[in-house]
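Here are my notes on the model, point by point. Please read them with the structure open.

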Amino acid sequence: FLLTILSISLMFWSLPIIALLSSICAFITLLIFKENKKFKKHQSSDNSSIRDAIIYSYKNIEIRCLLICSVTIIGWGITQPLIPEYCRDKLGLDGSGYAIISSVYFVGAMIASISLPYLKKYVLNSKSIVLFIILYLFSVILLFISPNYYLAGLMILLSGVFHAYWWAGVLLSLQIISDERFKGRVISFFFATLGLVGIGFILGGFFGTKFSSIVVASASGFILFATHFALYIFSSSFRNLNSYRQ
């Protein structure tokens, strides 16, 4: 929409302006919700080394499984380069249509974020984590076989909802079950896996030129499903995970 009323150069320079404004808002938020000094004694994460945190994360089976789940974010990255080609060749959309289709995913994520406080007990357990990744994979596969713009939009909306629930289940469970001493470093390990999205982009772009979008998306989805299913079947600790009760 903005590209139709603004020039590309104005759009480009708007990015650092938005980043500056968001940084100012973040700083103001920090000042408003500044932590009380009496709680600083609980923040002992700095007393643990990276090596200690790695050993702790590995020995704690629940945390280890959740971090393995987080690595599968690479699958999301694989599907992203396939969407522009699909929108152009299969749905006949131009740049504006692709932009709308892409943004609908994040609308779904927003819906999930708003509803999450009311559904925490249905999200914070291993069964739901596995279920939501399966629902996400189905919605992605259905996206790439959708015959029209409206069905594709619905599928990518649902993929945003299910993926956000999966994301919340993994991240919040890590925050809840981690020992206070290692909590900060464990969450850092989780966010470090976001770098794998870039590798997913490369893989998706490469295989997308060799195979059809549905083949690449299905193969990526199978790997994600196999990883979660194997963890659920072979790890009783992960299978019994329910961080909502903790």
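1. Arg 64 lies over the face of Tyr 58. The distance to the ring centre is 4.3 Å. Keep in mind throughout that this is a predicted model.

2. Helix α4 (residues 61-71) packs with helix α13 (residues 213-234): their axes come within 9 Å and cross at roughly 170°. An angle over 145 degrees counts as roughly antiparallel, so α4 is roughly antiparallel to α13. On the α4 side, the contact uses Cys 65, Ile 68 and Cys 69. On the α13 side, Thr 227, His 228 and Leu 231 take part. By class, four of the residues in this contact are nonpolar and two are polar, with no charged residues.

3. How many aromatic pairs does the structure hold? There are 15. In one of them, Tyr 86 and Phe 144 have ring centres 5.5 Å apart. Their planes stand at 70°, so the pair is edge-to-face. Tyr 86 belongs to helix α6 (residues 82-89) and Phe 144 to helix α9 (residues 126-144). The two residues are 58 residues apart, and the pair links distant parts of the chain. Tyr 86 is buried at 3% relative accessible area. Phe 144 is buried too, at 8%.

4. Tyr 105 and Phe 106 also form an edge-to-face pair, 5.0 Å centre to centre with 85° between the planes. Phe 106 has 47% and counts as partly exposed.

5. One aromatic cluster takes in Tyr 105 and Phe 106 together with Trp 76 and Phe 201.

Key: Residues numbered from 1 in each chain as written. Predicted model: local features only at pLDDT ≥ 70, side-chain atom pairs only at ≥ 80, totals over all residues. Heavy atoms only, no water. Axes fitted to C-alpha atoms, helices over the stretch in contact; angles between N-to-C directions. Helix = DSSP H or I, 4+ residues; strand = E, 2+ residues; numbered from the N terminus. Parallel < 35°, antiparallel > 145°, perpendicular 65-115°, else oblique. Contact = heavy atoms within 4.5 Å. Nonpolar A, V, L, I, M, F, W, Y, C, P; charged D, E, K, R; others polar. Phe/Tyr/Trp six-rings, centres within 6.5 Å; stacked < 30°, edge-to-face > 60°. Buried < 20%, exposed > 50% of the residue type's maximum accessible area, 1.4 Å probe, protein only. Lys NZ or Arg CZ within 6 Å of the ring centre and 35° of its normal.
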